[in-house]
Amino acid sequence: MHVGMATIFQNPGRAQSDFEVYQRELRLADLAEPLGFESIWGVEHHFTDYTMCPDVLQFLTYMAGRTRQVQLGSMVVVLPWHDPMRVAEEVSMLDNMSGGRVILGLGRGAGKVEFDGFRLSMEESRPRFVESAEMLLPALETGYCEYDGRFLRQPRAAIRPAPFKTFRGRTYAATVSPESAPIIARLGAGLLIIPQKPWHEVSRELDDYRAVYRAVNGTEAPPPVAAGWTFCDTDPDRAREEARRWIGGYFRTVLDHYHFEADHLAKTKGYEYYGKMADKIQTYGTDTVIDFFVNLQVWGTPEQCYERILDVRRRIGNEHYVGVFSYAGMPWDEAERNVRLFAREVMPALQRLGPAPDSLRHAAASDQRAVDVGLLGS
């Protein structure tokens, strides 16, 4: 299994200066390659302390210059917030500079504060995402952008530096809404999955995605990439307590950033599924919703973390796992201890695993134990 780590630059409550957060998180990112992680990932968000990385490709370019072999993943570039012509140039430039190390992750966004800040309509996000992806992905194969759509009209223009190898097999898109998975399949992209809703829903959506992918592309879909908030400790009781503190604290920042308790998403075209969160919070309470999210993530002793990642693999057939090790204002020494213990005790066993069996790749598992809280994430 391929194992990566993500750096997300959170500063909840402005407990530190943004500069201090950046210095700390960059120190953590510098550990990725020496500790044996195979990829480093960044996430794109704007305007709040939820995640302070407004340009994930710029962050990855910085990391490209500080590393030699580690792959560079975007989790994700939010296409409706960008000119896809510029994205094509920037991705190709990074891939040329890094020797072909880019893993391209794409998404459409769900934060009202971000769409408002960019003066964009959330109701247009899905068609804008589709048009941008339809222009971007072929462009990275052919070396030029050209498109005539409702939102995008791009005369033929060359990408320089030109892409020098295919992005097929290393392009993924994040999905939360059930309607998104078939769209991603038709685009020929893989799925990036963060455990955040009942496994039987993930199973159903994976089945739909794989069927559409097979019909459109004439081949089986690639294994998804799985990401998760990770807390590893040698003491099982401490692991449980601190996971609830820090992973639960992270999910509180999700609720704050997306305002899931309000009803605006239920009234926004294309985000009706997200709107169910307000109902879940009202029905179950915030603490139950947070506990549900925490229990989907990877935490515990090294042995427990390994088993939790294997459980995810049994359900979705992923061959990549990307851990997030610093979040919710976690102190630097705790984050460093967390990532070093995982790298020393968990990662080698994961990297010795062979490819996921076909039974995992092409058939999703069901989960009758999950309570249908229906979490929704970034």
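**Entry 1: Tyr172**

I began with Tyr172, which is buried at a relative accessible area of 7% (buried means under 20%, exposed over 50%, partly exposed in between, with a 1.4 Å probe and protein chains only). The model is a predicted one, so I kept its limits in mind: local features need pLDDT of at least 70, side-chain atom pairs count only at pLDDT 80 or more, and totals for chains, interfaces and linings use all residues. Residues are numbered from 1 along each chain as its sequence is written, and side-chain values use heavy atoms, with hydrogens and water left out.

I found Tyr172 in strand β8 (residues 171-174); helices (H or I, at least four residues) and strands (E, at least two) are DSSP runs, numbered from the N terminus. Setting aside neighbours within four places in sequence, I listed the contacts of Tyr172: Ile103, Leu104, Gly105, Leu106, Ala189, Gly190, Leu191, Leu192, Pro223 and Val225 (contact means heavy atoms within 4.5 Å). I also looked up the C-alpha separation of Tyr172 and Pro222, which is 9.6 Å for residues 50 apart along the chain.

**Entry 2: Gln10**

Next I went to Gln10, in the loop between β1 (2-7) and α1 (18-30). Gln10 is buried too, at 3% relative accessibility. Beyond its neighbours within four places in sequence, Gln10 is in contact with Val21, Arg24, Asp49, Tyr50, Thr51, Tyr250, Thr253, Tyr327 and Ala328. I noted Tyr50 and Tyr250 from that list for the next entry.

**Entry 3: aromatic rings**

I searched the whole structure for aromatic pairs and got 18. The rule I used: rings of Phe, Tyr and Trp (its six-membered ring) pair if their centres lie within 6.5 Å, and planes under 30 degrees apart count as stacked, over 60 as edge-to-face and the rest as tilted.

How are the rings of Phe37 and Phe325 arranged? Their centres are 5.7 Å apart and their planes stand at 65 degrees, so I wrote the pair down as edge-to-face. Phe37 is in the loop between α2 (32-35) and β2 (39-42), and Phe325 is in the loop between β12 (320-324) and α13 (332-345), so the pair ties together parts 288 residues apart in sequence. Phe37 is buried at a relative accessible area of 3%, and Phe325 is buried at 0%.

Then I took Tyr250 with Phe293, a tilted pair at 6.0 Å centre to centre and 35 degrees between the planes. Tyr250 belongs to helix α9 (residues 236-258) and Phe293 to helix α11 (residues 286-296), so this pair ties together parts 43 residues apart in sequence. Tyr250 is buried at 3%, and Phe293 at 2%. I was pleased to find Tyr250 and Phe293 again in one aromatic cluster, along with Tyr50, Trp229, Phe251, Tyr258 and Phe260.

**Entry 4: charges over rings**

I looked for charges over rings (NZ of Lys or CZ of Arg within 6 Å of the ring centre and within 35 degrees of the ring normal). The charged end of Arg27 sits over the ring of Trp332, 3.9 Å from its centre. Arg308 does likewise over Trp299, at 4.1 Å from the ring centre.

**Entry 5: α1 and α13**

Where do Arg27 and Trp332 turn up again? I checked the packing of α1 and α13, whose axes come within 11 Å and cross at roughly 15 degrees (axes are lines fitted to C-alpha atoms, for helices over the stretch in contact, and angles run from 0 to 180 degrees between N-to-C directions). The two helices are therefore roughly parallel (angles under 35 degrees; over 145 is roughly antiparallel, 65 to 115 roughly perpendicular and the rest oblique). The contact is made by Arg24, Arg27 and Leu28 of α1 and by Trp332, Ala335, Glu336 and Val339 of α13.

**Entry 6: α6 and its partners**

I finished with α6 (residues 125-142), whose axis comes within 11 Å of that of α7 (residues 180-187), crossing at roughly 15 degrees. α6 and α7 are therefore roughly parallel. Among the residues making this contact are Phe129 and Leu137 of α6 and Ile183 of α7.

Helix α4 (residues 84-98) also packs with α6, at about 30 degrees and with the axes 9 Å apart. That makes α4 roughly parallel to α6. In this packing I saw Pro84, Met85, Val87, Ala88 and Val91 of α4 meet Ser132, Met135, Leu136 and Leu140 of α6.
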